[in-house]
Amino acid sequence: MSAGEPLLEVRGLVKHFPISKGIVLKRSIGAVRAVDGIDFEVMSGETLGLVGETGCGKSTTARLVTRLLEPTAGEIRFEGRDITHVKGASLKAIRREMQMIFQDPYSSLNPRKTIGSIIASPFAIHGLLTESGERKKRVQELMDRVGLNPEHYNRYPHEFSGGQRQRIGVARALALNPKLIIADEPVSALDVSIQAQILNLLREIQREFGLTMVFIAHDLAVVRHMCDRVAVMYLGKIAELAPSDTLYSLPRHRYTGALMSAVPIADPELAGRERRLLTGDVPSPANPPSGCRFHPRCSAMGEICATEEPQLRDMGHGTFAACHFPITEEEMPALLPMARESAGGVE
Amino acid sequence: MSSAGQPPGTLLSVEDLRVEFATPDGIVHAVDGISYSVAPGGSLGVVGESGSGKTVSALTLIGLTQTQGATVSGRIMFDGRDLLAASNAELRAVRGNDIAMIFQDPLSSLHPQFRVGAQLIEAMQVHRDIKRQAARDRAIDLLSLVGIPDPRGRVDQFPHEFSGGMRQRAMIAMALANEPKLLIADEPTTALDVTVQAQILALLERLRRELGMAIIMITHDLGVVAQIADHIAVMYAGRIVEAADARRLFSAPQHPYTWGLLRSIPTLEGPRGIELVPIPGRPPSLIRRPTGCHFHPRCAYALPDHKTIDPRLVDAGAPGHVVACLLDADQRAAAWAALRAGQSADEATAAAGIADATIAPTEVAG
């Protein structure tokens with residue numbers, strides 16, 4: 001995977017959802033700061049992971065990038081072009097280039113349409129392949145590519161299992177030959193054995209079609225497996241952005257460390273390991289803590305953390321973290337006993 | 001794993017439990033002759049995919065499938081009583097009292113229109129004669145036991161005012177209200193974030209230690225089960241296909257399905273970017289199950305006669321370790337040794353000396 005030009009650039013992206021009171025005389029009494037000023041870029045051909053807990057803003061980010069939501073502020077550039085406020089025909093043209101794969105394979109397929117027409121709907125929307133038979137041929141090629149039997153063209157979604165439905169979602173996303181695919185929790189609704197099938201499929205098609213991918217998940221192991229770089233989000237901000245190999249062997253932000261430490265390891269030998277559990281819940285994004293948003297739950301909290309918001313800083317090895325007291329290399333073994341010397345591990 | 005009667009040192013013993021549902025399409029063999037036992041204060045992990053029968057078997061323990069028209073046979077001995085022979089009134093006395101259960105989705109298990117405290121108080125008053133004020137004090141103690149901050153204020157709140165993790169804690173508090181001897185936890189952390197999951201698992205482990213309560217943990221997540229279970233049963237198509245001590249199951253698994261589960265999960269350690277090895281196909285229909293070994297259509301190690309011979313659980317070379325696989329012990333050991341060394345299934349079949357004889361897994365997309 002060659003890291004080329006940035007395909008997608010996001011600068012200072014903000015999305016606030018107003019909280020209003022009153023029915024007739026509506027007035028705004030605050031805002032849920034779902035995404036609160038994030039910057040990142042996705043290079044052509046790479047997979048960027050977005051991870052974080054419920055409510056950290058990862059799905060909102062996906063919807064902003066695909067322009068399903070109107071950003072409050074900030075800039076989104078796709079192939080160097082500002083698409084933050086494009087409308088109408090040019091928005092439709094942009095959407096041909098970016099497609100989404102959704103989490104729930106049950107609710108993201110129309111139960112009254114055949115698989116054939118679901119996968120062909122992007123062609124219908126964009127007025128492509130209008131000659132008779134062309135669409136069907138192309139759809140069947142796509143079905144074959146994602147591991148579905150092309151003869152099942154006329155079947156309905158309920159006739160397929162969860163894993164097969166997710167394959168249908170992948171075929172639909174591939175239909176227009178997009179440049180960017182945004183996969184929002186594509187495997188979290190699937191059984192483990194099926195999950196691996198879909199993850200392998202996504203990697204294959206990415207290689208084959210030269211796709212760029214934004215991969216959103218809460219499962220850190222899945223993200224590590226899929227992504228070249230990972231952005232860890234907390235309460236609408238990016239806490240840490242790092243290459244996968246570095247992130248998992250030397251996380252620098254205290255929050256990243258806490259997340260990793262919480263992952264259950266499929267090895268009873270390590271089950272008794274001393275773990276630093278995060279206490280409490282994620283604070284409300286309507287009223288985020290002052291200074292560093294993670295400070296009320298942080299073990300290394302200093303005075304500065306409550307007053308001054310940390311900015312993303314270069315921590316070396318390609319890691320950027322927004323932490324006043326980043327995790328040091330000396331602390332690592334105690335913090336993450338399972339993070340072996342995979343620091344130099346390359347793909 | 002099982003034994004006749006109920007030997008001392010066993011809290012729960014399930015013998016040859018079968019649960020069938022009659023449907024217009026045919027009989028669903030949801031649970032097909034499983035046996036296991038749990039010691040007081042012990043913990044059993046039940047692992048399997050959707051439709052493997054793990055939830056149905058647990059619901060049957062507390063009599064919740066019989067009411068849904070299931071045909072149940074076998075024996076469930078709990079603390080000296082036969083639960084399958086018990087009347088509804090007797091079952092009601094056990095349910096929520098000696099055996100408590102927590103479910104995956106705490107929001108749908110809590111009544112939205114009643115305060116959390118009132119629901120906890122009800123759980124106590126159903127089973128014992130306790131004054132409202134005393135029950136309320138105990139509800140506050142329980143909320144604080146499960147780590148809910150400000151329990152005095154929280155006790156009068158409604159479920160929607162709780163976060164996901166707190167709701168699950170409230171569910172656990174309710175389950176603990178009557179100091180159960182056995183807690184059945186059905187995917188209790190699946191809907192939760194990993195940080196909250198770690199808190200809940202640590203809480204369950206602490207409660208088990210402090211209260212001496214046995215736990216049956218039902219999950220599809222091998223990581224979760226590795227954290228909490230002493231003993232693990234792997235279920236496939238309504239049967240236990242392998243059961244062992246937790247360490248043994250992860251270090252020397254014997255069933256190709258267990259190998260498949262272990263190899264299909266991405267991990268946080270080791271080199272990145274290696275291909276995951278999925279189990280081909282998908283779980284079978286429980287109405288028309290594959291002949292012979294139910295796993296044979298998805299198994300890379302299946303031999304021609306595995307299509308016809310139905311495997312039984314046999315000893316797998318360690319105390320408490322049983323496996324239902326038609327390969328002989330040497331073949332299994334050789335195949336797992338190869339897989340563990342990072343070799344492919346093809347190389348593993350060669351190592352087991354069955355490379356030329358296997359029938360290829362049927363190609364069906366999951």
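Predicted model: local features only at pLDDT ≥ 70, side-chain atom pairs only at ≥ 80, totals over all residues.
A residue counts as buried here if 20 or more other C-beta atoms lie within 10 Å of its own, with C-beta atoms placed from the backbone.

**Strand 3 of chain B**
- Cover lies on both faces of strand 3 of chain B: B:Ser43, B:Gly45 and B:Val47 are buried on one side, and B:Leu44 and B:Val46 are buried on the other.
- Strand 8 (residues 214-219) of chain B pairs with strand 3 of chain B in the parallel sense, over 5 bridges.
- Strand 9 (residues 231-236) of chain B also runs parallel to strand 3 of chain B, joined to it by 4 bridges.
- B:Val46 sits opposite B:Ile218 in strand 8 of chain B, and its bridge partner in strand 9 of chain B is B:Ala233.

**Helix 4 of chain B**
- Helix 4 (residues 116-127) of chain B has 12 residues and reaches 18 Å from its first C-alpha to its last, close to the 16 Å expected at 1.5 Å a residue.
- Its buried residues are B:Val116, B:Gly117, B:Gln119, B:Leu120, B:Ile121, B:Ala123 and B:Met124.
- Helix 5 (132-145), helix 6 (151-154) and helix 7 (164-176) of chain B are among what covers these buried residues.

**Where chains A and B meet**
- In chain A, 47 residues are in contact with 45 residues of chain B.
- Helix 6 of chain A gives the most to the side of chain A that touches chain B, with 7 residues.
- The residues on that side of chain A divide into 23 nonpolar, 13 polar and 11 charged.

Technical notes: Residues numbered from 1 in each chain as written. Chains lettered and ligands numbered in written order. Contact = placed C-beta atoms within 7 Å. Helix = DSSP H or I, 4+ residues; strand = E, 2+ residues; numbered from the N terminus. Nonpolar A, V, L, I, M, F, W, Y, C, P; charged D, E, K, R; others polar. Expected span 1.5 Å × (residues − 1). Buried ≥ 20, exposed ≤ 12 C-beta atoms within 10 Å, placed from the backbone. Pairing = 2+ DSSP bridges.
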